[in-house]
Amino acid sequence: MDYADSDTLRAPGRRETDLLLPHGARGVKVVVVGGFGVGKTTMVGAVSDIPPLTTEERMTQAGVGIDHNPGVTGKNTTTVAMDFGRISINEELILYLFGTPGQERFWFLWNGIFEGALGAVVLVDTRRIEVCFEIITRLEDRRVPFVVAVNTFPDAPQYPLPELRTALALSESVPLVTCDARDRASCRDALLSLMVYLCTLAAQETA
Amino acid sequence: MTSDNPKPWEEGTPVPLYVITGGEGSSAKTFDLVTLIATRSAPDPSMQPEQASILTMCEYPLSVAEVSAYLSLPFSVVTVLLSQLVDDQRVEAIAPVPVAAFPDRGLLEAVIHGLRRL
């Protein structure tokens with residue numbers, strides 16, 4: 001074995017972003033969800049104060065009947081990794097952004113992730129739009145508020161947003177925006193559209 | 001000492017994770033990925049390295065997700081370690097901002113304000 005990871009036991013110590021953070025701060029989370037390779041980690045990295053980190057979980061029974069490993073006997077755990085970043089909002093608030101795989105076999109993870117989340121950004125690749133149908137249905141079922149952000153890959157076909165809205169069967173009230181997952185300002189704007197949408201929902205609720 | 005265990009040695013996990021958690025796996029308290037952990041006492045030399053690391057790194061509060069990332073340990077293993085530290089009053093666990101079906105307007109405005117400064 002190698003010990004390449006042994007340094008990780010060394011405490012990371014004081015980081016510059018922490019200097020803003022007195023005791024008493026609290027965390028809040030937003031989830032970025034989308035198919036494989038759609039740019040979730042890129043988006044997280046674009047707005048995060050720190051390079052994206054990875055947390056993982058061992059999947060055991062939950063994968064039974066879903067993950068098929070023909071010929072591999074005795075393998076009853078799979079590791080599912082999630083990349084995340086953080087944004088220090090103010091002295092009392094840290095926003096964590098989790099990039100979550102949208103594939104069906106990872107859905108078991110969603111319980112913990114979406115519990116207490118402000119909402120979600122569904123990231124869409126126009127070349128594989130079908131991946132989003134189930135994600136959107138799932139979010140609606142769970143009553144997780146979300147906005148849809150179309151990642152503008154240079155080589156992906158460009159469609160007018162109204163056309164995409166129809167293709168995604170997205171209700172008029174759900175914000176649909178384009179964004180460049182590599183661009184900080186663009187990702188920030190996608191997050192802002194989620195927050196403004198949440199304000200609208202909150203206002204409707206109290207009206 | 002030889003073993004009759006027919007299972008091949010697994011390179012990826014030389015130490016079973018229940019060794020790190022001290023054999024306890026079921027008493028984990030409820031931690032969210034973004035529960036913040038703040039150190040309340042200095043590590044002492046007799047502590048297990050993982051727990052000592054947590055006390056050092058959480059001198060400034062970190063989320064459970066970050067602790068998991070920095071220790072390269074699965075989330076569920078970290079929550080067991082943290083449960084023990086909370087029981088021993090060595091760390092404080094600060095629950096996330098509660099988000100109801102519709103989040104608080106003040107919270108949303110704070111986030112909007114913070115994002116605009118990015």
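Predicted model: local features only at pLDDT ≥ 70, side-chain atom pairs only at ≥ 80, totals over all residues.
Tutor: Residues are numbered from 1 along each chain as its sequence is written, while chains are lettered from A and ligands numbered from 1 in the order in which they are written.

Student: Why is helix 1 of chain A called roughly perpendicular to helix 5 of chain A?

Tutor: The axes of helix 1 (residues 40–47) and helix 5 (residues 184–206) of chain A come within 8 Å and cross at roughly 100°. Angles of 65 to 115 degrees count as roughly perpendicular, so helix 1 of chain A is roughly perpendicular to helix 5 of chain A.

Student: What makes the contact between them?

Tutor: Helix 1 of chain A brings A:Met43, A:Ala46 and A:Val47, and helix 5 of chain A brings A:Arg184, A:Cys187, A:Arg188 and A:Leu191. Being in contact takes C-beta atoms, placed from the backbone, within 7 Å. These residues split into five nonpolar, no polar and two charged. Ala, Val, Leu, Ile, Met, Phe, Trp, Tyr, Cys and Pro count as nonpolar, Asp, Glu, Lys and Arg as charged, and the others, Gly among them, as polar.

Student: How do you know that the buried residues of helix 3 of chain A line one face?

Tutor: In helix 3 (residues 131–141) of chain A, the buried ones are A:Cys132, A:Ile135, A:Ile136 and A:Leu139. Buried means 20 or more other C-beta atoms within 10 Å of a residue's own, and exposed means 12 or fewer. Seen down the axis of helix 3 of chain A, the buried residues fall within an arc of 95°, so they line one face. An α-helix has 3.6 residues a turn, so residues three or four places apart point the same way.

Student: Which residues are exposed on the other side of helix 3 of chain A?

Tutor: A:Phe133, A:Thr137 and A:Asp141 are exposed there. Covering the buried residues of helix 3 of chain A are, among others, strand 1 (26–34), strand 5 (117–124) and strand 6 (146–151) of chain A.

Student: How many residues link the two chains?

Tutor: 46 residues of chain A are in contact with 40 residues of chain B. Helix 5 of chain A gives the largest share of chain A's side, 10 residues. That side divides into 26 nonpolar, nine polar and 11 charged residues.

Note on methods: Axes fitted to C-alpha atoms, helices over the stretch in contact; angles between N-to-C directions. Helix = DSSP H or I, 4+ residues; strand = E, 2+ residues; numbered from the N terminus. Parallel < 35°, antiparallel > 145°, perpendicular 65-115°, else oblique. Arc of directions from axis to C-beta.
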